[in-house]
Amino acid sequence: MAIDVRGYSYFIERRDDKKWVATVAEYPDLSGVSRIHNRALNELYAAVEAEVVRRYQAG
């Protein structure tokens, strides 16, 4: 399922081990994984925010 949140295209899917994996098209190397889909999204939001801040500070 693809959803547009905070200006990014997020994808969330359930793996065979029953964990949710959330990824974002703009940063394919970042993901959030959890048994609860909202936690996977929150983990992904935090990872994307940290990456944006890191890139901003790097110049």
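Analyst: Contact means that heavy atoms lie within 4.5 Å. By that rule, and leaving aside neighbours within four places in sequence, Trp-20 is in contact with Ile-12, Glu-13, Arg-14, Gly-32, Val-33, Ser-34, Arg-35, Ile-36, His-37 and Ala-40. This is a predicted model, in which local features need pLDDT of at least 70 and side-chain atom pairs count only at pLDDT 80 or more, while totals for chains, interfaces and linings use all residues. Residues are numbered from 1 along each chain as its sequence is written, and side-chain values use heavy atoms, with hydrogens and water left out.

User: What makes Trp-20 partly exposed?

Analyst: Buried means under 20% relative accessible area, exposed means over 50%, and partly exposed is what lies in between, with a 1.4 Å probe and protein chains only. Trp-20 has a relative accessible area of 21%, so it is called partly exposed. Trp-20 lies in strand S3, and although Trp-20 and Ala-40 are 20 residues apart in sequence, their C-alpha atoms are 6.3 Å apart in space.

User: How do you know which strands S3 pairs with?

Analyst: Two strands pair if DSSP finds at least two bridges between them. Five bridges join S2 (residues 8–14) to S3 (residues 20–24), and five bridges also join S3 to S4, so S3 meets the rule with S2 and with S4. S2 and S3 run antiparallel, as do S3 and S4. Phe-11 has Thr-23 in S3 as its bridge partner, and Trp-20 stands opposite Ser-34 in S4.

User: What lies between the strands of each hairpin?

Analyst: The hairpin of S2 and S3 has five residues between the strands, whereas the one joining S3 to S4 passes through two residues. Lys-18 is placed in the loop between S2 and S3, and its phi is positive, about 65°, although Lys-18 is not a glycine.

User: Why is Gly-32 called buried, and what does it touch?

Analyst: Gly-32, which is found in strand S4 (residues 27–34), has a relative accessible area of 0%, and therefore counts as buried. Not counting residues up to four places away in sequence, Gly-32 touches Trp-20, Val-21, Ala-22, Ala-40, Glu-43 and Leu-44. Gly-32 and Glu-43 are eleven residues apart in sequence, yet 4.9 Å apart in space, C-alpha to C-alpha.

User: How do you know how far helix H1 reaches relative to the expected span?

Analyst: The expected span of a helix is 1.5 Å times one less than its number of residues. H1 (residues 37–58) has 22 residues and reaches 32 Å from its first C-alpha to its last, close to the 32 Å expected. H1 is followed by Gly-59, whose phi is positive, near 105°.

User: What puts the buried residues of H1 on the same side?

Analyst: The buried residues of H1 are Ala-40, Leu-41, Leu-44, Tyr-45, Val-48 and Glu-51. They cover an arc of only 140° around the axis, taken from the directions from the helix axis to the C-beta atoms, which puts them on the same side of H1. Arg-39, Glu-49 and Gln-57 are exposed on the other side of H1.

User: Why does Glu-51 count as buried?

Analyst: Glu-51 has a relative accessible area of 12%, and because this falls under 20%, Glu-51 counts as buried. Leaving aside its neighbours within four places in sequence, Glu-51 is in contact with Tyr-27 and Leu-30.

User: Why is the aromatic pair of Tyr-10 and Tyr-45 called edge-to-face?

Analyst: Rings of Phe, Tyr and Trp (its six-membered ring) pair if their centres lie within 6.5 Å, and planes under 30 degrees apart count as stacked, over 60 as edge-to-face and the rest as tilted. By this rule the count comes to one aromatic pair. Tyr-10 and Tyr-45 lie 5.4 Å centre to centre with 80° between the planes, so they pair and the pair is edge-to-face. The pair links distant parts of the chain, with Tyr-10 in strand S2 and Tyr-45 in helix H1, 35 residues apart. Tyr-10 is buried, and so is Tyr-45.

How values were computed
Helices (H or I, at least four residues) and strands (E, at least two) are DSSP runs, numbered from the N terminus.
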